[in-house]
Amino acid sequence: MGKELGKCEVLLKTVCGEYINQKTVTGTTALMRASQEGHAKIVKMLISYNADIECKNQDGMNALILASRRGHLDVVQILLRIGCRVNESTSKQSTALMLACKHGHSDIALALM
């Protein structure tokens with residue numbers, strides 16, 4: 001993973017800049033994807049390059065909601081530490097806490113409370 005992180009940092013330094021919050025057709029950003037997949041080191045790196053922590057995809061999910069739903073406690077803790085809003089809701093009115101509970105992630109539910 002160390003080599004991949006180095007490549008990621010080179011890309012961020014040379015290419016991304018203003019494109020750090022570029023979205024896919026479904027509205028997903030690099031930060032959302034890294035959060036959803038549990039890549040904590042990449043999440044930290046993207047945040048250090050000013051990735052928007054509150055940006056939402058077409059379903060109204062932000063990085064915190066995606067990480068909570070998938071059970072990535074380390075990512076959730078990073079996002080909470082930097083001030084990600086806990087009570088944001090999806091287009092179906094689900095919060096990160098609701099999705100963590102629904103998917104059996106009690107450790108994340110406790111962190112969110």
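Predicted model: local features only at pLDDT ≥ 70, side-chain atom pairs only at ≥ 80, totals over all residues.
The contact between the two helices is made by Ala63, Leu64, Ala67 and Ser68 on the H4 side and by Val75, Val76, Leu79 and Leu80 on the H5 side. Sorted by class, the residues of this contact comprise seven nonpolar and one polar, with no charged residue among them.

Two packed helices are described by the angle between their axes and the distance between the axes. For H4, which covers residues 63-70, and H5, which covers residues 73-81, the axes come within 8 Å and cross at roughly 155°. Because angles over 145 degrees count as roughly antiparallel, H4 is roughly antiparallel to H5.

A second pair is formed by helix H2, residues 30-37, and H3, whose axes come within 8 Å and cross at roughly 160°. H2 and H3 are therefore roughly antiparallel to each other, and their crossing is left-handed. Here the contact is made by Ala30, Leu31, Ala34 and Ser35 of H2 together with Ile42, Val43, Leu46 and Ile47 of H3. The contact of H2 with H3 has seven nonpolar residues, one polar residue and no charged residues.

The two pairs are set out below.

| Helix pair | Axis separation | Crossing angle |
|---|---|---|
| H4 and H5 | within 8 Å | roughly 155° |
| H2 and H3 | within 8 Å | roughly 160° |

Helix H3, which spans residues 40-48, has as its buried residues Ala40, Ile42, Val43, Met45, Leu46 and Ile47. An α-helix has 3.6 residues a turn, so residues three or four places apart point the same way. After H3 comes Asn50, whose phi is positive, near 70°.

Turning to the chain as a whole, the protein chain has seven helices and zero strands, and from the N terminus on its elements run α-α-α-α-α-α-α. Of the 113 residues in the protein chain, 42% are buried. Among contacts between residues at least 6 apart in sequence, 66% join residues at least 24 apart.

The cysteines complete the account. A search of the whole structure finds zero disulfides. Cys55 counts as buried because its relative accessibility is 11%, whereas Cys101, with a relative accessible area of 49%, is partly exposed.

Terms used:
Residues numbered from 1 in each chain as written. Heavy atoms only, no water. Axes fitted to C-alpha atoms, helices over the stretch in contact; angles between N-to-C directions. Helix = DSSP H or I, 4+ residues; strand = E, 2+ residues; numbered from the N terminus. Parallel < 35°, antiparallel > 145°, perpendicular 65-115°, else oblique. Contact = heavy atoms within 4.5 Å. Nonpolar A, V, L, I, M, F, W, Y, C, P; charged D, E, K, R; others polar. Disulfide = S-S within 2.5 Å. Buried < 20%, exposed > 50% of the residue type's maximum accessible area, 1.4 Å probe, protein only. Left-handed = near helix turned anticlockwise from the far one by under 90°.
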